[in-house]
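This briefing covers charged contacts, strand pairing and aromatic contacts. Keep the structure open while you read.

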Amino acid sequence: QVQLVESGGGLVQAGGSLRLSCAASGGTFSRYTMGWIRQTPGKEREFVAAISLSSGSTYYADSVKGRFTISRANAKNTVYLQMNSLNSEDTAVYYCATRPTMPSSWSPISNLYEYDYWGKGTQVTVSS
């Protein structure tokens, strides 16, 4: 049974940094893409970043480019999200999810319906 467990969330001041981790187990993930998606109460889930575990290709939402960095540790089936220069708009629950398909023109990386397994999320709160 596939399990994704996020950690590393917390309270941080604006301008600060946090590093999230997502540990995957119960499956073979070498050909998967793993992503981070966030959600604020009352809003739809929003794609943040993703990384291909096979090629290492990375993808970012425009809102986090230059501030967030996604990386992997394949031997540990773990993906990280380094978040710098945080602001109040980054406050959300951050979810880790797996995507078995490669992004394409008809199904971009931000298509959340393509993500099949999800973690329970970790709260990130940025105080101003």
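A salt bridge here is a side-chain nitrogen of Lys or Arg within 4 Å of a carboxyl oxygen of Asp or Glu. R38 and D90 meet this rule, with their closest N and O atoms 2.9 Å apart. The model is predicted. By the rule above, the count comes to 4 salt bridges.

**Salt bridges**

- The R38 and D90 pair links distant parts of the chain, 52 residues apart.
- R38 sits in strand β4 (residues 33-39), while D90 sits in the loop between β8 (78-83) and β9 (92-99).
- R38 has 5% relative accessibility, so R38 counts as buried.
- D90 has 0% relative accessibility, so D90 counts as buried too.
- D90 also forms a salt bridge with R67, at 2.7 Å from N to O.
- This second pair again links distant parts of the chain, 23 residues apart.
- R67 lies in the loop between β6 (58-60) and β7 (68-73).
- Both D90 and R67 are buried.
- Through shared partners, salt bridges join R38, E46, R67 and D90 into one network.
- D62 and K65 form another salt bridge, with the closest N and O atoms 3.3 Å apart.
- Are D62 and K65 buried or exposed? D62 counts as exposed at 65% relative accessibility. K65 is exposed as well, with a relative accessible area of 51%. The cut-off for exposed is over 50%.

**Strand β9 and its partners**

- How many of the residues of β9 are buried? The number is 7 of 8, and the strand is mostly covered.
- β4 and β9 run antiparallel and are joined by 7 bridges.
- In this pairing, R38 stands opposite Y94 of β9. R38 is also the salt-bridge partner of D90.
- β9 also pairs with strand β11 (residues 122-127), in the antiparallel sense, over 3 bridges.
- Here V93 stands opposite Q123 in β11.
- Strand β10 (residues 117-118) is joined to β9 by 2 bridges, and the two run antiparallel.
- W118 in β10 is the bridge partner of A97.

**Aromatic pairs**

- A pair of aromatic rings is described by the distance of the centres and the angle of the planes.
- The structure holds 3 aromatic pairs.
- In one of them, the ring centres of F29 and Y32 are 5.7 Å apart. Their planes stand at 75 degrees, so the pair is edge-to-face; the cut-off for that class is over 60 degrees.
- F29 and Y32 are both buried.
- Y95 and W118 form an edge-to-face pair, at 6.3 Å centre to centre and 70 degrees between the planes.
- Y95 lies in β9 and W118 in β10, so this pair ties together parts that are 23 residues apart in sequence.
- Y95 is buried, with a relative accessible area of 12%. W118 is partly exposed, at 27%.
- Y95, Y115 and W118 form one aromatic cluster.

**A charge over the rings**

- Which residue lies over the face of Y95? R45 does, at 4.2 Å from the ring centre.
- The charged end of R45 also sits over the ring of W118, 4.6 Å from its centre.

Key. Residues are numbered from 1 along each chain as its sequence is written. This is a predicted model: local features need pLDDT of at least 70, side-chain atom pairs count only at pLDDT 80 or more; totals for chains, interfaces and linings use all residues. Side-chain values use heavy atoms; hydrogens and water are left out. Helices (H or I, at least four residues) and strands (E, at least two) are DSSP runs, numbered from the N terminus. Buried means under 20% relative accessible area, exposed over 50%, partly exposed in between (1.4 Å probe, protein chains only). Two strands pair if DSSP finds at least two bridges between them. Rings of Phe, Tyr and Trp (its six-membered ring) pair if their centres lie within 6.5 Å; planes under 30 degrees apart count as stacked, over 60 as edge-to-face and the rest as tilted. A charge sits over a ring if NZ of Lys or CZ of Arg is within 6 Å of the ring centre and within 35 degrees of the ring normal.
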